[in-house]
Amino acid sequence: MKTLAELEAIREKMRGKVAVREASDNTTRIVVGMATCGIAAGARPVLNTIVEEVSKMGLSETVTVTQTGCIGLCQYEPIVEVYQTGKDKVTYVKMDSEKAKKVLEEHIKGGKVVSDYTIKL
Amino acid sequence: MKELSLNILDIAQNSVSAGAKNVTVSLNEDEKGILTLSILDDGKGMSPEMVRTVTDPFCTTRTTRKVGMGIPLLKMASEQAGGSLSIVSVSRETDPEHCGTAVTATFDTNSIDFTPLGDVVDSMVVLIQGHPEIDYLFLHTTPNGEVRLDTKELRAVLGEEISLGEFEILAWIRDSLEEQYQALKK
């Protein structure tokens, strides 16, 4: 069973990491639409995949993942928006976990927008 | 919604929007297979007029369009499975000390039209990730035992500097809940 003592060990391990992150600039913000429309269309696994992969890929120092309400394009949900300092916002539509992994790999890590999944607004 | 756990996620977001500091999600299954879901918060609450109209799909607080579906969808899921939905709310204007909203829905899990609960652990993790500053109490009681998570206990261990939204903490929460669910099956 998971115990609070285990949590305490995680806390000790993380103290240094959090300080490093606070010193560095978060340059990328990934936003997932989590209103009724997004949830019904399958946003929950997309969000969880992104949160998990960002950590696995070692991107958590520069990338933050947040949730938002209805973006107003319900028919295109699940929607993922990428904000990067000094660049235009990129809107990915009709996302799923596999597409999200590709976006993280090619766009967030590689710097190349996956234009197959984007929408021009 | 394909899973009841998605309705839970959706309805709990309303508590977040209402400025709640504490949100309780409870599921109770009795021996006859009646499932009672309640989502309780200490947010700003609703006026009696709002409570009356909130089950109407054309009632919404969202500003991007004029249709809100959260409560109507949960009501439908409940009624099609032989249950009912009720909302009790006290607005901040009426009583700033005791305001909040309680949404309760019942389901007969034996009904052919019962929407499966689905991955409620996933929904709790998403809720906490979205608003790690809010305290959540999750309680699922069944005839075989219970599954419980109180983020207040976690926060007491983690202190101020480590957010519940950190991946490592979310992973611990997921494992803890999943282990408890596994233990129920034995």
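User: In what order do the elements of chain B run from the N terminus on?

Analyst: This is a predicted model, so let's just walk along the chain in it. Chain B has six helices and six strands in its secondary structure. Starting at the N terminus, the order is α-β-β-α-α-β-β-α-β-β-α-α.

User: What is the radius of gyration of chain B, and what would a compact globule have?

Analyst: The C-alpha atoms of chain B fill a box of roughly 45 × 40 × 30 Å along the principal axes. A compact globule with 186 residues would come out near 16 Å, and chain B agrees with that, because its radius of gyration is 17 Å.

User: What share of the 186 residues in chain B is buried?

Analyst: A residue counts as buried if 20 or more other C-beta atoms lie within 10 Å of its own. By that count, the buried share of chain B is 41%.

User: Is α1(B) mostly covered or mostly open, and how many of its residues are buried?

Analyst: Mostly covered. Among the buried ones are Leu4(B), Ile8(B), Asp10(B) and Ser15(B). Just after the helix, Gly19(B) takes a positive phi of about 75°. Out of the 14 residues in α1(B), the buried number is twelve.

User: Which helix gives the most to the side of chain B that touches chain A?

Analyst: The contact takes 24 residues from chain A and 31 residues from chain B. The one that gives the most, with eight residues, is α6(B).

User: How do the residues on the side of chain B that touches chain A divide into nonpolar, polar and charged?

Analyst: Chain B brings 31 residues to the contact. They divide into ten charged, seven polar and 14 nonpolar.

User: Now for chain A: what pattern does it follow along the sequence?

Analyst: Chain A has four helices and four strands. Its C-alpha atoms fill a box of roughly 45 × 35 × 20 Å along the principal axes. Read along the sequence, the pattern is α-β-α-α-β-β-β-α.

User: Among contacts in chain A between residues at least 6 apart in sequence, what share joins residues at least 24 apart?

Analyst: Contacts here are pairs of residues whose C-beta atoms lie within 7 Å. Of the contacts in chain A between residues at least 6 apart, the share joining residues at least 24 apart is 65%.

User: Which residue in β4(A) does Glu81(A) stand opposite?

Analyst: Start with β3(A), residues 80–84, which runs antiparallel to β1(A), residues 28–33, with five bridges joining them. In that pairing, Val31(A) stands opposite Glu81(A). Three bridges also join β3(A) to β4(A), residues 90–92, again antiparallel. There, the residue opposite Glu81(A) is Thr91(A).

Terms used:
Residues are numbered from 1 along each chain as its sequence is written. Chains are lettered from A and ligands numbered from 1 in the order in which they are written. This is a predicted model: local features need pLDDT of at least 70, side-chain atom pairs count only at pLDDT 80 or more; totals for chains, interfaces and linings use all residues. Two strands pair if DSSP finds at least two bridges between them. Helices (H or I, at least four residues) and strands (E, at least two) are DSSP runs, numbered from the N terminus. Two residues are in contact if their C-beta atoms, placed from the backbone, lie within 7 Å. Ala, Val, Leu, Ile, Met, Phe, Trp, Tyr, Cys and Pro count as nonpolar, Asp, Glu, Lys and Arg as charged, and the others, Gly among them, as polar. The radius of gyration is taken over C-alpha atoms; the globule rule is 2.2 Å times the number of residues to the power 0.38.
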